[in-house]
Amino acid sequence: MTAKRILMGNEAIAFGAMKAGLQVASGYPGTPSTEVMETIASHASKYGIYAEWATNEKVALETAVGAAYSGANTLVTMKQVGLNVASDPLMSLSYIGVKGSLVILVSDDPGPHSSQTEQDTRAFGHFSNIPVLDPSTPQEAYDMAKLAFKLSHEMEIPVILRTTTRVSHGCADVVTEDIEQAGRDIEGYVKEPRWTIFPKLTAQRHPWLEDLQIRISDRFSDLFSENTFNSISKGNSKIGIASSGVSSLYTNEATNKQSGTFSHFKLATVHPFPEKAALEFLNDITDLIVIEELDPYLEEQFLQLIGRYHLDVNVYGKKNGHFPVSGEYDVDVVIEGVNSSLQAMNAEIPLLTHSTPVVARENIPALPVRPPTFCAGCMHRTVFYAFKKAAAKLKKENGKGTVFSGDIGCYTLGNAQPLNMVDTCLCMGAGISMAAGLSHTQQYQDGNYAKQVAFIGDSTFFHSGIAAMISAVYNNADITLAVLDNRTTAMTGHQPHPGIGLTAMGNPTKAIDIAEVLRSCGVDLVETIEADDLGECIETAKMAIEYEGPSAVVFKGKCVGITKATGQYVIDEEKCTGCNFCVSQLGCPAIFSMSSGVPQIQDNCTGCSLCAQVCPSDAITLREVLQ
Amino acid sequence: MKFDILIAGVGGQGVVLASRLLATAAIDAGYHVATAETIGMAQREGSVTSHVRIGDEVCGSLIPAGNADLIIGLEPAEAARNIHFLKKDGSIVVNEHAVIPSASANNAEYIPEQVIEFLKKNCQETINVDFTQLAKEAGTYRAANVAMLAAAAGADLLPFNPDELWSVLEKMVPEKYRELNRKAFDMSLEKVACIKDPEQQEQVQVMDI
């Protein structure tokens, strides 16, 4: 039985995987990949699947590998940056291969909307010799999830299912099939030398891996006649367009008024590049326009092929400046790029046209900007403000400055004005290691430069903070760690982590105490306090910074995204002196001030009381207690 | 058939939920649908948009500039920020209730009335109501998004009618909030009917007295 329903691309992937017989799934949350595991976890018991959030992507991949070596159908989920963390096992795994099946879901983020990089996972497939599938719609994501499991099983190699934001986080009507209870029968782990990587084994397996690339490339060429992911449509000119992923849809829409003009090579099985099918396509073409987000992956593949076979085909893409090399594409970007290409080839074809808006973007009058910032009532604001105050006091007392190293999560937004409390931010866990590195510089050792403070969230602490802290302690780094423990993985949508005491499937489990971990890492001063009393937070922060040697404070609070407001504050117009302290110091989105009159507090106030605590005139009071 | 809707607002206003409701209603009405939503970092009090594309063809989820049939602006400045998506004879449903950014962003003074005037000047079919106030009267300001969808359906600006929209809401809104949302929905329909037919508005005013 099939059913049509609205699914987010990530949900569609989860259903495709479950339909394909998924048995074990592991992942680490990361936008835009998170909902794949969330969907699986919520259906896992029903279909006899095991699903978990791992502490990081490397652990997630290795967990799935173990299960796959036993013959299970397995899935790992992560975002593109997470694949960097998992790259160590990945590079070795491609040599060894798998039994059962192993699909690696990696979501790329052109734009980028919520990532540190715009990296292209197709390039990672190329680097690691692992096949990459690149769906363009939620329906293709569903269908290709099934294909990925099938290919992985047949070829005994992991397969990367790569999506981009618009596929992962777009919703569409998707036709899905009934899912049977996954078979629990697996062969089980069988001892064989092939599962232990060793130089001799690597040498033996490398030719197999290279040969496999050719076999899969041929298989992908065959897929042009077998299904709709890969397709070739013929146009009435000698101009061809090649595209993959969601760019294929933008291409269709951009060219739909002249759809008969261009031949279109739409590719979803992007790596290994299906050379045979591409060669056939190039037969009737004199000019090729390549339309793809992120890296010029397809463009390079075509250029190689054209060079190797001495074909007389001109290629227009990123490399000769017709398309942007960064940022997200859309229909308008594609129209610009195609027109630029058409002009360069002096084609006697009318240029593509944009729709005319009622107001052009450049004619919109100035509007208030809304940089992302901490939610109203977020505990992080209190902690950052406390450290700001503590650092100012210390500066006054002994002249020493403070450097604040941030990390990846909601609290990266500590960089926003007016807090301005993130001096460094690189990748997950790096705040601690960078603070340690900064502390070992000569300037610092002379004792007159700055104290080092690192901020990290609870989930990130487990992800990659622990090893960094151990290294810092072992190497005598004089740093202070502030753990912002809001009892959830907030930025990606509130997933549980080892500090919570709940698994991805909702079962109770042992909660790991962050303060205890820090003590056993060798941190001598470890304090745990609630992050609601600003004065206490300032005192504790100051004490921790002043402590000689590694120190840590675990600030406990609750994410306002998953808790109810406790009340709303209001500003007493009589008492308010108009100092604007509440606005200028905190940057709380619930408080605003007009040029005249007293500041006002909006509906989104959650009653955290921070503004009342900083108000020098006691003009801010609790208005009502919400039911 | 092709119908493109852009929903704009501020993180936390329920933009994503509004787009899911529209997308589900579109499927129930037998159309293909594709949405693009803002999830993650930008949601933290930042500007958010959802694109909802309803129609026969499968196409990309991002609406090209000048293509939207309807903009639903949960906040005046956010509607204006996205007006370049609106096509020549498109419509706007906009919430008069402004969400004013914290002054720390160094913004010049934001005067929502001027923004509404700008919208009305550029789009004849602009429906502007303080939907937040209306939702508050129904029970919670959070239902403003539902009230705005009801207004769009009530004003015949969607490819499905208010009943079809409500049947989706009934399925998707948790039971404990259902009555409240129904109230906001109905109050909004009534309000829009008044705007469309000023005579009825006068009658209501008379009744109010």
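Colleague: Is the crossing of α3(A) and α5(A) left-handed or right-handed?
Modeller: The crossing of α3(A) and α5(A) is left-handed. Keep in mind that this is a predicted model.
Colleague: Which residues make the contact of α3(A) and α5(A)?
Modeller: From α3(A) come Lys58(A), Leu61(A), Glu62(A), Val65(A) and Tyr69(A). From α5(A) come Pro89(A), Leu90(A), Leu93(A) and Ile96(A).
Colleague: At what angle do the axes of α3 and α5 of chain A cross?
Modeller: Roughly 20 degrees, and the axes come within 10 Å. Helix α3 of chain A covers residues 57-69, and helix α5 of chain A covers residues 87-96. Angles under 35 degrees count as roughly parallel, so α3(A) is roughly parallel to α5(A).
Colleague: New topic. How do the axes of α15 and α17 of chain A cross?
Modeller: At roughly 15 degrees, with the axes coming within 8 Å. That is α15 at residues 430-439 and α17 at residues 458-474, both of chain A. α15(A) and α17(A) are therefore roughly parallel to each other.
Colleague: And which hand is the crossing of α15(A) and α17(A)?
Modeller: The crossing of α15(A) and α17(A) is left-handed.
Colleague: Which residues meet there, in α15(A) and α17(A)?
Modeller: Ile432(A), Ser433(A) and Ala436(A) are on the α15(A) side. They meet Gly465(A), Ala468(A), Met469(A) and Ala472(A) of α17(A).

Methods: Residues are numbered from 1 along each chain as its sequence is written. Chains are lettered from A and ligands numbered from 1 in the order in which they are written. This is a predicted model: local features need pLDDT of at least 70, side-chain atom pairs count only at pLDDT 80 or more; totals for chains, interfaces and linings use all residues. Side-chain values use heavy atoms; hydrogens and water are left out. Axes are lines fitted to C-alpha atoms, for helices over the stretch in contact, and angles run from 0 to 180 degrees between N-to-C directions. Helices (H or I, at least four residues) and strands (E, at least two) are DSSP runs, numbered from the N terminus. Angles under 35 degrees count as roughly parallel, over 145 as roughly antiparallel, 65 to 115 as roughly perpendicular and the rest as oblique. A crossing is left-handed if the near helix is turned anticlockwise from the far one by less than a right angle, and right-handed if clockwise. Contact means heavy atoms within 4.5 Å.
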